[in-house]
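Keep the structure open as you read.

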Amino acid sequence: MIELWIGLAMFGALLAALLIGIPVAFSLMAVGIGAITILGGGVDALGLVAPTLWSSVTSFTLTAVPLFILMGAIISASGMGARLYGALATLMHGVPGGLSVATTLACTIMAAVSGSSVATAGAIGRFSVLEMRRFGYRDEVACGAVAAGGTLGILIPPSIPLIVYGIIAQESIGALFIAGIIPGIIMALSFIGYQVWIARSEQARAPARDSERVSTRERLMALKHIVPVAILIWVILGTIYQGIATPTEAAALGVLASLVLSGAIYRELTREKLVLILRETAKGSVMVLMIIAGAMLFGYAMTTSSVAPTISRVVAELDVPAWAAFITINLLLIFLGCFMETLSIIVITAPILIPIIVAMGWDPIWFGIIMVINMEMALITPPVGLNLFVVQGVVEDVPLTRIIAGTLPYVIIMAAVLLLVGVFPDLATYLPQHIR
Amino acid sequence: MTQAASRPTKRRRPLDALITLSGLSAGLATFLIGLFVAYDVVARTVFLMTNSWVTEITTYLMGYITFVGAAFALREGSHVSVDLLVCRAPPRARRVMMWLADAIMVLVVATLAWLSFGFFMEAWDSQEMSDTLLSVRLWKPYLVFFIGMAWLLLVLILQIGERRLTNKQGSHD
Amino acid sequence: ITLKLAHQWPQAESDYVIATAIKFAQEVEKKSNGDIKIQFFPAESLVKASNTHTALKNGTVDLSIYPYIYAAGAIPEMNLVLMPGIWKSHDDVFRFRNTEPWKKIEAKAEAYGFKTLCWIQISGGVASTGKPIDSDADVAGEKVRAAGKYMSYALQQAKASTVSMPSSENYNAMQMGLLDAVWTSSSSFGAYRLYEVSKYYVSPEKYSIYYTIDPIAISMKTWKKLTPEQQQILAEVGKSLEESALEGARKEDSRVAALFASHGVKVSQMSLESWNKWHALFEQHAFPKFKKDNPSSADLLDEMLALYK
Ligand code: NA
Ligand code: NA
């Protein structure tokens, strides 16, 4: 089993490269190139490195990733998130914890047009955190609602992590998207349940806003701010499930529609904002695509040296009970989620985990959802949680520890939903099997 | 979470503008993908038209975004890294780590530039074409790969050099 | 020595292509007294199918099973192994193995960097949702996924619109109505369960417009490193498995047709008349297009056509 030792050495080298501060994409490439050279007996073995890197990113299906990033940047520049949040806050008036419930709802709706959690948290968070604090919500409650709500962005379709997972697992992205809907709604409802509960049990700190009155007319007027988002949701998800477009094509239609909405209807697209959109799109896309390229190269090194097939075979032969395997895999993912950025985790672990999943007789679509729920947790667990940093960027006076205190209950809720979907796979697989 | 972006100094202004331009062009490439693909869907749905070029051209644009945009992302510090340890290490250990990280980065990117050049040369020599109705000579898109990696190498070396210079000046003050 | 064999499918012995390769590996190991071992790298884990020819050329992969059409960008003559309207049945394809035009194509492949050890062929029919696709008259206005660029081109001339997507999206696309008809191999129909979302299936058991080859190939770099005895073992074992691979292909076609039927799909066979109609379409559009794209191989296409007059 020399392969297992080689594999261990490769992961050790990867860890070392990451810890001395080499960016994830280049750490993966460094270890990949190093391993191929050493194990292949010289630089001649590097013949497939360039073709592997090139073909890993020049995939038509993958174009959905930069397109969703672009769309996120356009939406963020359009101010659509603040309008949506304002409308929902008006509608939720009178509900205990109304502003945090509105945050979850706004995130849920925004998640149906946005492919990333950071974009979702960014679009809703900036405005909603300030509102909640203005009306006397505790910092923990306000920050927790935004950081956790944002994570819905990757579970509710569209979802960049699910696209990347689908490409690695060679599963239908359309099916993965639809599989996320029920778990996503369960997740959102659990958040809301918790928020109502916490508001009731903390009535002494009841938000001042409840003393104001909101008329039915105001509530009806608020609805009109939801219309543009509803149109966008139809353009992105409706076209996929009515057989007009593939998920990739739907992303392009979404870009066009959000451009029209923010340019022609909101009139928010100034020249400066356009430049900003281009910059954000380039930064986000390159970051993701380089990680994918790096991971594919690392995966190629693991395969050509027989490390990956050996690991998968050894694990499959261990003959552990399904529940133990499920728990082990999830603990591993949660552990990695504490320290690493989510997409890196998916691209590094999926190529090894998927053959194991298939060998266990599990549904790869279901496992995609399991993976993404884990990634939602990763986004808000310390020390490295992207959504924690997004929220801190908005409220710089709140220490990170208080933000973390606010998000921890959500980690527990997510773990509960994870377990639920783990025990009842139908929650994920029912819709993909029964659409039309 | 991310590497700190180094501030440009005066004498680097023109080069800096070029880096920004290469980044904006990668953003623009994404826009083009969106327009092409959306046009393809509309053409197919409304006019029953097929555009054989859309799928292929957009994948080349993906190559452009990734490899030509890499230098811009480096300057902006948007290649994610795990800086847990680096941030907490004592100054001396930190210097060693950064030195090591820089050396490995240069080595990797130089290797990528060399390999992508070989990739391009092979397609140039064989005049291999894409296996599609468009039949593009593959050296053309592959050249973009090489240019991107060479550009990344240049920007990386300048960035490291500049940071060392600033650090040295800092320690003299 | 251990040789690396890369392919793009799951390592399922139920698939005759994989079964042939596994048999190949076993026989080679046995005949060489354990001297030559073959290690499998399934599911594109080592190299993308579209890069296989490059990997064979530079020797990073020793052996592979891959559809030769992927090498057509480097070896334009390879377009002919997926040219619709030349071969009408499995017999036509199998006969091609021992003809002059194939020897010419094979010489090009060897000059490029790989050699054929075992001839494996695949075929496919067409599954559809709106109506059965029997001849070219049925495709106008339909959204289809074709097999290969010259079929795509001809179908576009017949007023179909072709949609591009990875095979993994076919199921959803048919279910949602984004695709009306799909040409793919019998194995892919089975693997992606397209029988669940189709209404009609025209089976390739008698005649079809979709045949291609998916042989076991060896890198010339690897080949040259082997001793004459080792070369002989590989070549002989490969050759000895060709008949059973052909049988496997026929059985797969029948198995998949039965699978469609058992899911309530209306299954029909293509008639010679329909095939001739298709042939006329390809004669009008696909053949001239190929000749225009590859003037130096125009004669080779004519030679091939002459074989099947
Ligand atoms: Na989403
Ligand atoms: Na985390």
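In chain C, the side chains of C:Asp293 and C:Lys289 meet in a salt bridge, 3.6 Å from N to O; the term means a side-chain nitrogen of Lys or Arg within 4 Å of a carboxyl oxygen of Asp or Glu. The two sit four residues apart in helix 12 (residues 286–293) of chain C, so about one helical turn separates them. Helices here are DSSP runs (H or I, at least four residues), numbered from the N terminus. C:Lys289 is buried at 16% relative accessibility, while C:Asp293, at 25%, is partly exposed. Buried means under 20% relative accessible area, exposed over 50%, and partly exposed in between (1.4 Å probe, protein chains only).

A quick word on the ground rules: this is a predicted model, where local features need pLDDT of at least 70 and side-chain atom pairs 80 or more, while totals for chains, interfaces and linings use all residues. Residues count from 1 along each chain as written, chains are lettered from A and ligands numbered from 1 in written order, and side-chain values use heavy atoms, leaving out hydrogens and water.

Now over to chain A, where A:Arg133 forms a salt bridge with A:Asp397, with the closest N and O atoms 2.8 Å apart. This pair links distant parts of the chain, 264 residues apart: A:Arg133 lies in helix 7 (residues 117–134), A:Asp397 in the loop between helix 20 (386–394) and helix 21 (400–423). A:Asp397 is exposed at 58% relative accessibility.

Across all chains, the structure holds 30 salt bridges.
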